[in-house]
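Please keep the sequence and the structure in view while reading.

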Amino acid sequence: MGIFKIEGGIQLKGEITPQGAKNEALQILCAVLLTPEKVTINNIPDIIDINKLITLLGNLGVKIQKNGNSSITFQADEVNMGYLETEAFKKEGGSLRGSIMIVGPLLARFGKGYIPKPGGDKIGRRRLDTHFEGFINLGAKFRYNREDHFYGVEAPDGLTGTDMLLDEASVTGTANIVMAAVLAKGTTTVYNAACEPYLQQLCKMLNSMGAKISGVGSNLLTIEGVEALGGCEHRILPDMIEIGSWIGLAAMTKSEITIKNVSWENLGVIPNVFRKLGITLEKKGDDIFIPAHVNGYEVKTDIDGSILTIADAPWPGFTPDLLSIVLVVATQAKGDVLIHQKMFESRLFFVDKLIDMGAKIILCDPHRAVVIGHDFKSQLKATTMSSPDIRAGISLLIAALSAKGTSTIQNIEQIDRGYERIDERLRAIGANIVRA
Ligand SMILES: CC(=O)N[C@H]1[C@@H](OP(=O)(O)OP(=O)(O)OC[C@H]2O[C@@H](n3ccc(=O)[nH]c3=O)[C@H](O)[C@@H]2O)O[C@H](CO)[C@@H](O)[C@@H]1O
Ligand SMILES: C=C(OP(=O)(O)O)C(=O)O
């Protein structure tokens, strides 16, 4: 288990280029299973979760050719479906959340798909019902082995298009269902579909492979099934969660940072949520410029003067993956904020560590925390902590960078799951952080 040692209280300065988006890459990499032809993906982040998925694809027989510069060409012309029944797959497939999205493409192309209960962050219940109800609606037979938590779907005669209303706008669930429906017979409509930019990217990629998906960007997708898909080239968007993390880090450490090529049009409400915390963000072309907040930042109240609430919601609402970061940034704001994490019930428990560091937070219940900002009048104190999940991990790292003294973060594999060479990139803008 690796650790980071961080000397806090240092102002940073410089430029950061965001990595390719983890959660888009997970969808896109699974889509390579839909065609026997070559698919080239550019801007793939070099992070643990993505590398695990690439290894899994390789074990399934997908040919992988690294082109350099974060570009890889995949060819799934000889897929070894037998691998799905091995013990090795049960271990490997269960080690990350994104692996669930191999099921839709395999079911569509080979008539069956299996998956052990996928891993990912322990941030509360993470049901898969939306995925499997979708496959069942398309005509697949479903089985679940409770003993080893193994899920399976089969459709030896192929899938048939239908109209469906999802029970919730699940992100990976929508991606999985869309990837199954593109090769189904006839037309499928998916209402209450998730519609975040990463799904739009997936649909654009599938259309460039020959799929017929309309309604992209809305919560009603119409998919006319086609016989087969061909190859394509696709570029992954910058990671909006990483961009949000850099914004929070800049404000909390009073650093002047430029985040390059952020794809503003795909950031939704993210910039405005940070502005509500009083953080200045300037749009310079496609970059975000964050000036050094030497005098701190002041939370904006609602029009009627009531306390600002920041809550998550399915896209175009605010992503739950940035709430931990917003929470830590609020600890040094001037003013109070209510953080409401509606989607996950175990994502706010990391506040205990921030309280140990001197932050003023009341955890009202597993979903809500009130943060009373210090306005930099009291600096957080360095401490030793362990990273419970990817986003709490980066939030603790931000807290450590702003704290007085040297902090230690354990279990940094959680941070490495989603942030590429974070220590190296932080050192490049002046941080004192070492990996041990
Ligand atoms: C690999 C990947 O892409 N992971 C992301 C994906 O996970 P994932 O696709 O697993 O998350 P889902 O969208 O399925 O749901 C997330 C949670 O929100 C709840 N829920 C969802 C939709 C809804 O309308 N109401 C509701 O309460 C679900 O019950 C679940 O507890 O989307 C989540 C929600 O943006 C993100 O946190 C994850 O980082
Ligand atoms: C929760 C996350 O990832 P995963 O769904 O892979 O656990 C995340 O990216 O914040």
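The structure is a predicted model. The protein is divided into domain 1 (3–19 + 238–435) and domain 2 (22–235).

**Domains**

- The C-alpha centres of domain 1 and domain 2 are 31 Å apart.
- Contact between the domains involves 17 residues of domain 1 and 16 residues of domain 2.
- On the side of domain 1 that touches domain 2, five residues are nonpolar, four are polar and eight are charged.

**Packing of α4 with α6**

- Helix α4 (residues 103–110) packs with helix α6 (residues 171–181) at an angle of about 15°, and their axes are 7 Å apart.
- Because angles under 35 degrees count as roughly parallel, α4 and α6 are roughly parallel to each other.
- The crossing in which α4 passes α6 is right-handed.
- From α4, the contact uses Val-103, Gly-104, Pro-105, Leu-107 and Ala-108, while α6 brings Asn-176, Ile-177, Met-179 and Ala-180.
- The contact of α4 with α6 comprises seven nonpolar and two polar residues, with no charged residue.

- Helix α10 packs with helix α12 (residues 390–402) at an angle of about 20°, with the two axes 8 Å apart.
- The angle makes α10 roughly parallel to α12.
- The crossing of α10 past α12 is right-handed.
- Ser-324, Ile-325, Leu-327 and Val-328 of α10 make this contact with Arg-391, Ala-392, Ile-394, Ser-395, Ile-398 and Ala-399 of α12.
- Seven nonpolar residues, two polar residues and one charged residue form the contact of α10 with α12.
- Helix α8 also packs with α12: their axes come within 9 Å and cross at roughly 20°.
- That angle makes α8 roughly parallel to α12.
- The crossing of α8 past α12 is right-handed.
- Ser-245, Gly-248, Leu-249 and Met-252 in α8 meet Ile-394, Ile-398, Leu-401 and Ser-402 in α12.
- The contact of α8 with α12 contains five nonpolar and three polar residues, and no charged ones.
- Ile-394 and Ile-398 of α12 take part in the contact with α10 and also in the contact with α8.

**Local backbone features**

- The peptide bond from Trp-315 to Pro-316 is cis, and its omega is near 15°.
- Pro-316 is located in the loop between β17 (308–311) and α10 (323–330).
- Lys-254 is not a glycine, yet its phi is positive, at about 55°.
- The loop that holds Lys-254 runs between α8 (240–252) and β14 (256–259).

Conventions
Residues are numbered from 1 along each chain as its sequence is written. Chains are lettered from A and ligands numbered from 1 in the order in which they are written. This is a predicted model: local features need pLDDT of at least 70, side-chain atom pairs count only at pLDDT 80 or more; totals for chains, interfaces and linings use all residues. Axes are lines fitted to C-alpha atoms, for helices over the stretch in contact, and angles run from 0 to 180 degrees between N-to-C directions. Helices (H or I, at least four residues) and strands (E, at least two) are DSSP runs, numbered from the N terminus. Angles under 35 degrees count as roughly parallel, over 145 as roughly antiparallel, 65 to 115 as roughly perpendicular and the rest as oblique. A crossing is left-handed if the near helix is turned anticlockwise from the far one by less than a right angle, and right-handed if clockwise. Two residues are in contact if their C-beta atoms, placed from the backbone, lie within 7 Å. Ala, Val, Leu, Ile, Met, Phe, Trp, Tyr, Cys and Pro count as nonpolar, Asp, Glu, Lys and Arg as charged, and the others, Gly among them, as polar. Domain bounds come from an automatic or database domain assignment.
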